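Trainee: Please take a close look with me at one part of this structure. I'd like to see how that part connects with whatever is around it.

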Amino acid sequence: SNTLIMARPLRIEYHGAWYHFTCRGNEKNTIYKDDRDREIFLGILQESIEKYKVELHGYVLMDNHFHLILHTPLGNLNRFAQRFNTAYTGYYNRRHERVGPLYLGRYKAVLVDKDSYLLELSRYIHLNPVRVQKLYKKKLSDRLAWLRNYRWSSNRGYGFVRYRDNFVYYSSVLGYLGGDNSDGRKRYREFVEEGLTKGMESPFKDVKGQVILGETGFVDWVYENVLKKKKGILDSAEQPGSTKLIKEISVDKIVDQVCETFMVERNHVLKRRSNAQEARMVLIELCCRYLLVHKSLREIGRDLGGLTVGGMSHTRKRLQERLKEKHFLRSQFNRCVIALDKI
């Protein structure tokens, strides 16, 4: 086995890499003053993952730091991180009339061996809100209630479809517990809460060389194929146990799924001035979500009848508001996502 010894953590990037990504406030200061900051943070995060075609598989916002689980089909973590961190720091400094860096140093990104550690990592970050000092002496029932009701995390969306964020991918983690179905979601809730009731060790005790969370075979593979060759870009077929990294879904499959879920005809959902307005809004959102790895927003707009990038952005924002307010629409949207994730 190759021992990774380094003075400062390396930045390891390649197609299809998975990461635990985190930043902490400078001098342990808070990075959100209120819920408005948290909402803007998540909005900037959504824009950034879409721009760089990065997948978000989990998040937790704490007062002075955050955790993200990221998958980078295009091997471009650094470009994503620069844009995301700069945009939020700029917003925060303007709003709160401050200058200087918001975060302590650069981001920290630990490369993750998906099959060995993704599920444990997901539980670990989702338990962060109940590991704070003020809750240590509370009764277990109070800590469980706090965990179940914590808003600024993807945990509730993993447990219950009604709490889902449309920019988070849930199926990869749930795949280790039987899939994105009611049984899988129940198992996930039990798995996370078991970490609180029975205790759990931090998966980060197994980190090698400050940057890799993985079994020996995975560490050796990274050393041989990425660090030694320094090419940084690898074909998915070269990866141990990898499945296809970038899922290809056609516009037709998305249209079919929306038509089936909303019980509308294709010509209605494809019309620019559609009678099935909400189905069309969902179609636009899903096309942006699933096709951005292969197409630009301009190309997606052309496929949907000549929509402009700005027009699509406006529609997606309107849909977000409706999804918050309308339970049935949210369940229809989530049904489409679950079906498309299985393709």
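Mentor: Happy to. Let's start at glutamate 27, which counts as exposed at 67% relative accessibility (exposed is over 50% relative accessible area, buried under 20%, partly exposed in between, with a 1.4 Å probe and protein chains only). This is a predicted model, in which local features need pLDDT of at least 70 and side-chain atom pairs count only at pLDDT 80 or more, while totals for chains, interfaces and linings use all residues. Residues are numbered from 1 along each chain as its sequence is written, and side-chain values use heavy atoms, leaving out hydrogens and water.

Glutamate 27 sits in the loop between strand 1 (17-24) and helix 1 (DSSP runs numbered from the N terminus: helices are H or I of at least four residues, strands E of at least two). Its phi is near 55°, a positive value in a residue other than glycine. Most residues other than glycine have a negative phi.

Arginine 38 and aspartate 63 meet through their side chains in a salt bridge at 3.2 Å, N to O (the cut-off is a side-chain nitrogen of Lys or Arg within 4 Å of a carboxyl oxygen of Asp or Glu). The pair links distant parts of the chain, with arginine 38 in helix 1 and aspartate 63, 25 residues apart from it, in the loop between strand 2 (55-61) and strand 3 (65-72). Arginine 38 is buried at 11% relative accessibility, whereas aspartate 63 is partly exposed at 45%.

Helix 1 also matters for the picture of the largest pocket. That pocket is lined by 43 residues, with Gly43, Gln46, Asn166, Phe167 and Gln320 lying nearest its centre (on a 1 Å grid over the protein atoms alone, a pocket is an open set of points where a 1.4 Å probe fits, with protein on both sides within 12 Å along at least five of seven lines; lining residues have an atom within 4 Å of a point). Two or more lining residues come from each of helix 1 (35-51), helix 11 (277-291), helix 13 (309-325) and helix 14 (327-341). Helix 1 gives the largest share of the lining, ten residues.

Glutamate 321 is partly exposed at 41%, and lysine 324 is exposed at 62%. Elsewhere, salt bridges with shared partners join Asp35, Arg38, Glu39, Asp63 and Arg151 into one network. The whole structure has 23 salt bridges.

Last, the packing. Phenylalanine 80 touches Phe21, Leu45, Ser48, Ile49, Tyr52, Val54 and Leu70, leaving aside residues up to four places away in sequence (contact means heavy atoms within 4.5 Å). In the largest nonpolar core, with 72 residues, Phe21, Phe66 and Phe80 touch the most other members (a core is a set of buried Ala, Val, Leu, Ile, Met, Phe, Trp, Tyr and Cys residues joined through side-chain atoms within 4.5 Å). Helix 2 (residues 77-95) gives the largest share of this core, seven residues. A second, separate core holds 31 residues, including Met281, Leu304, Met312 and Cys336.
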